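Okay everyone, thanks for coming. Have a look at the sequence and the model on the screen, and then I'll walk you through a few spots in it.

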Amino acid sequence: MSDIKPIKKLLVANRGEIAIRVFRACHEMGIKTVAIYSEQDQQQMHRLKADESYMVGKGMDPVAAYLNIPEIIQIALDNNVDAIHPGYGFLSERGDFAQACADAGVTMIGPTPEVITRMGDKVLARQAADEAKVRCVPGTPDPVQNFGVAKEFADKHGYPVIFKAAFGGGGRGMRKVTRPQDLEEAFNRATSEAKSAFGDGSLFMEKFIERPRHIEVQLLGDKYGNVVHLYERDCSVQRRFQKVIEVAPAPNLSSEIRDHMTRDAVRLAKHVGYENAGTVEFLLDEDSTYYFIEVNARLQVEHTVTEEITDIDIVHAQIRVAEGKSLGEIGIAQHNIFPYGSAIQCRMTCEDPTKNFQPDTGKITVFRTAEGMGIRLDSASAYPGAVISPYYDSLLVKLIAHANNHERACAKMLRALREFRVKGIKTNEPFLVNVLRHPKFLAGVLDTNFIDENKRLFKFEKAENRAQKLLYYMADVVVNGPSTPLITKIPPAKIIPTVPHVHEVAKLSGWRDILTEQGPEAFAKAIRAHKGLLLTDTTMRDAHQSLLSTRIRTYDLKRIAPFVAQELDGLLSLENWGGATFDVCLRFLHECPWERLETLRELCPNIPFQMLLRGANAVGYTTYPDNVVYKFCEQAVKSGMDIFRIFDSLNYIPNMVIGMNAVRKAGGVVEATVAYSGDVSDPSMTKYDLTYYMDLVDQLVAAGTHILGIKDMAGVLKPQAARILIGSIRQKYPDLPIHVHCHDTAGTGVASMLAAAEAGADIVDCAVDSMSGMTSQPSMGAIISSLERTPLDTGLSLAPVAKYSAYWEQARQLYGPFECTATLKSGNSDIFMSQIPGGQYTNMHFQACSLGLSDQFEEVKRMYSVADNLLGGLIKVTPSSKVVGDLAQFMVQNKLSAKDVQEKAAELSFPHSVIKFMQGYIGQPYGGFPEPLRTKILKGLPPVEGRPGEDMPPLDFAKLKEELTTQWGDIITDQDTLSAALYPDVFRDYKEFRREFGPVDKLDTRTFLVGPDIADEIEIQIEKGKILHIKLLAQGHVTSQGNREVFFELHGQLSSVAVKDKEALKVIHVHPKYHKNHIGSVGAPMPGEIVEIRVKEGDRVEKGQPLVVLSAMKMEMVVAAPCTGTVRNIVIEERMKLEGDDLLMDIKPDEPQNQPQ
């Protein structure tokens, strides 16, 4: 056969993976290659894989550039191109393109122009099938010219019907319609999509066959009338009429049907004079009747699986046939073609399956592929740093698995999918995994309804994506500064605190053994029977109130916990939870307080844990329904808490009794606590005298406390006062364990604790030496040393205390940004006059210094006493102390005297905390509210009589948990539900933060606070056996969109993260984002281009009404109204390009909607 024209140089009129697939075949065959690329594709890999590359369609739309026939032909002529391969999509089924090639003397790799025109036109192809005696689905004989014709066909044949693009495939321009009212919208959308994808919006219609299998036969023909089939593929796994997974050969297809179907396909091809590669597609119904639907006169996306089972390179064959060789000359004959094994192709796409497969765009930051026997990858733009644009098809990579049967091919594919790691963009990988694991797919029982009918395919295992989220967090801190507000200018030290060595022991023992084995009552008796003084270590919660103590992270607590459990097992308890640390964990440290408690319990099983419980306020600052307090205590005990120090900021017994009853019911140790103010050793201080305190003790004993606590928040319990108060209690209640807590603000803490012990106290609080003194608790080492070889000897050794102290001395340097000694250099005995609690003293002193008002701190302290007197002289513990402090600051700022406040109270706008106190929301103060000041401040607001939470209805925990599950889509635990009940806004912010930044509690403290420095190498253990190795390399310049790229090494591989530079955004205009929590805020569901806006400002819209048509990756989506209302403002224009979540418009709802919280 002499009519052979060797191809020496070939141009691919396409892009992406199919262009590279053809280039690879050409390189193997010694053929030079030419790529074309649009302006938007200048960085795409396909142009780099060719010997030459040329831009096409400069200034044109991205898709139109690849449809520019005259320019493509001219590029071919200018560069001595012999042949053009059209790939699939774009011009591959355009007869006019094939004719233009022929007219220019350039070989087109594909059928003749006449055959492409005939087979590419779905209507003409049906006519050819009829002529060849191949059964067809009922359909329109000609393209549907208008909606009227479409309606007439649907009325005649009934629903469902389907629109198909007359000049293309791939699901573009295809719409199934099941209801008459949807017909016109589907017609318009299909027409628009077909025109955008193929340059021609012509459609035809067919009766839709229910539950068919989609089977296609691969053909090869030559110029001499020879046609062979390469067996069939099953393409039934589809969504939106686009193939997702293809299998060859079709599973569970009888040999009889296979023979008939392949014979019909070959007969049709011969009838029309088909040459080169093509596919004949059929629908196989439930009765095993098959119908011809179309011919794809081109190479198919899924040709790969046929190549795998037949070992025939279809692209090689295409080129050789186009040169003029016969099938026989290239070694292809029907009797030599046999299918071997089974092959599966998965199309991994840039789509988010959790958001209805919305296309995703952006930069790929991590890309790790699968490899191994039987795995093939065909891709183009899949590599770290690749930018996925919204202009083209969402296909990222084709993943092909081949094995000797379908089941083993599924196993290989599933393994390969799990090996993949793609970060920076969303992919459909979780969905593909679900399909591959489904029993029906594994059994090969497939039809086109498979995806729609198996909703479990859309239940995805949550992808934690922890490494990438942590990179994003570190990048954000590097670019925008700390996520946790830093208070001082002292940076965290570059130090890793040394953990003292711990010798392993067979079993840890301690005071908790008595509690767990014998219960709270026996535990209390054992305390009382103990001869020496017992200590509670507050280092893990209360040391240096309130900044430093609340900012200590679990990361540093759990490192030292095993040492404490073994070497300090003689401690009565560890105060490590509750009070202000609960909400600060969520609010500033972005970690779960419940996880902290459970982690420490696991590491320290032998020492009882102690927490601070604010009576009816639990660990909050407001009043809750009683069942919230009960539920909280129940969960706290389950999570590992033992002793509950229960107090009320006003010593209001009814509030305390709620907490006491809740703890007792939960099985915890009740330590009802008297908050101490005043001075019982001073006869002139008559309000809070010994009689007052003894009366409180009587009530708490009567209420059933296991231990009595004395809580001196300000550090004003003088040694003599301790002897009087503790001595009196001990004399009246010889069997009652007494536990004393104080702050060392005045420097008298050790003396007072020793005096209390000598007077009969069983337990005193202290902090390890390096964390003690001033507004913290007295020194542990000092108390131990003072009592050595005395009847009150603690039994604890100084040696482990010194090691414990050394650890915290180093760790404290990490918390320089919260270091109280930045401004507070020593204790101060004037605390006996102001009686400011330790934590509040620290905060107020720092605030004064940071504002340059350190010289006015004396005035602030003086005014604190004035404010306290105005309020009637309160017991001062959070939140009552805050009321006094807020009033004092209000008076200083407004230069008000006590007389001014009393005379002008009706005119002044007091702090919110003062008003709530006067209403009675934190309880009833001893001696009542100050009148007439209370009446003046309330200005008619109703007062609360009695216990504030007494009349509150119970919280519905089941309903709250259901709402949280709906809102977050995560597994919501009982602990989460409690956190949300106590701090709804704080919990929401915590969840949003963790969703965005991941498990930041795994970061070391310095990295968490200020991020890494350039070249810092960091190890992050995210779970047992999984350690991330990260190195910060650099950060880039600010882009026009306000982004700054930050570069890391992750396990030695380059990884980058784009972060919005908040400072840059102040001067750069960026399109606004929609508000997720506002029901009327309408956002772009995916990146793309605005095709049509169907409303204008002021229009009334109904919920579900179409508002905007958005196009991305050649797919159009209608954005509907989320509510009924009036369009307020539209911030988009047609042809505007948007990112996902960009604001489209705002709608004012007709009536208040239930907003997500």
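**Two annotated residues**

So, let's start with the record: UniProt, in an unreviewed entry, puts the feature "binding site" at Arg614 and Thr878. UniProt positions are in the numbering used here, feature names are shortened, and annotations may be inferred rather than shown by experiment. These residues span 265 residues in sequence, yet no two of their C-alpha atoms are more than 8.7 Å apart, so they gather at one spot.

Quick housekeeping. This is a predicted model, where local features need pLDDT of at least 70 and side-chain atom pairs count only at pLDDT 80 or more, while totals for chains, interfaces and linings use all residues. Residues are numbered from 1 along each chain as its sequence is written, and side-chain values use heavy atoms, with hydrogens and water left out.

Where does Arg614 lie? You'll find Arg614 in the loop between strand E25 (609–613) and helix H24 (626–638). Those labels are DSSP runs numbered from the N terminus: helices are H or I with at least four residues, strands are E with at least two. Is Arg614 buried or exposed? Arg614 is buried, at a relative accessible area of 5%. Here buried means under 20% relative accessible area, exposed means over 50%, and partly exposed is in between, using a 1.4 Å probe and protein chains only.

Thr878 sits in a loop too, between helix H33 (857–870) and helix H34 (880–893). With 25% relative accessibility, Thr878 counts as partly exposed.

Now for who touches whom, where contact means heavy atoms within 4.5 Å. Setting aside residues up to four places away in sequence, Thr878 touches Arg614, Tyr621, Phe647 and Ser649. With its neighbours within four places left out, Arg614 has contacts including Thr878, Tyr621, Phe647 and Tyr983.

**A strand on the inside**

Next, strand E29, residues 738–742. Five of its five residues are buried, so E29 is largely enclosed by the rest of the structure. Which way do they point? Ile738, Val740 and Cys742 point one way from E29, and His739 and His741 the other.

What does E29 pair with? Two strands pair if DSSP finds at least two bridges between them. Strand E28 (residues 707–712) pairs with E29 in the parallel sense over five bridges, and Asp712 has Cys742 as its bridge partner in E29. E29 also runs parallel to strand E30 (residues 763–766), joined by two bridges. There, the bridge partner of His739 is Ile763.

From E29 the chain crosses through helix H28 (residues 749–759) to E30, and this β-α-β crossover is right-handed. In other words, with the strands pointing away from you, the path from the first strand over the helix to the second runs clockwise. E28, helix H27 (residues 719–732) and E29 make a right-handed β-α-β unit as well.

**Cysteines, to finish**

How many disulfides does the structure hold? Zero, taking a disulfide as a pair of cysteine sulfur atoms within 2.5 Å. Take Cys346: its nearest cysteine sulfur, that of Cys410, is 8.8 Å away. And the sulfur of Cys592 is 8.0 Å from the closest cysteine sulfur, in Cys585, too far for a bond.
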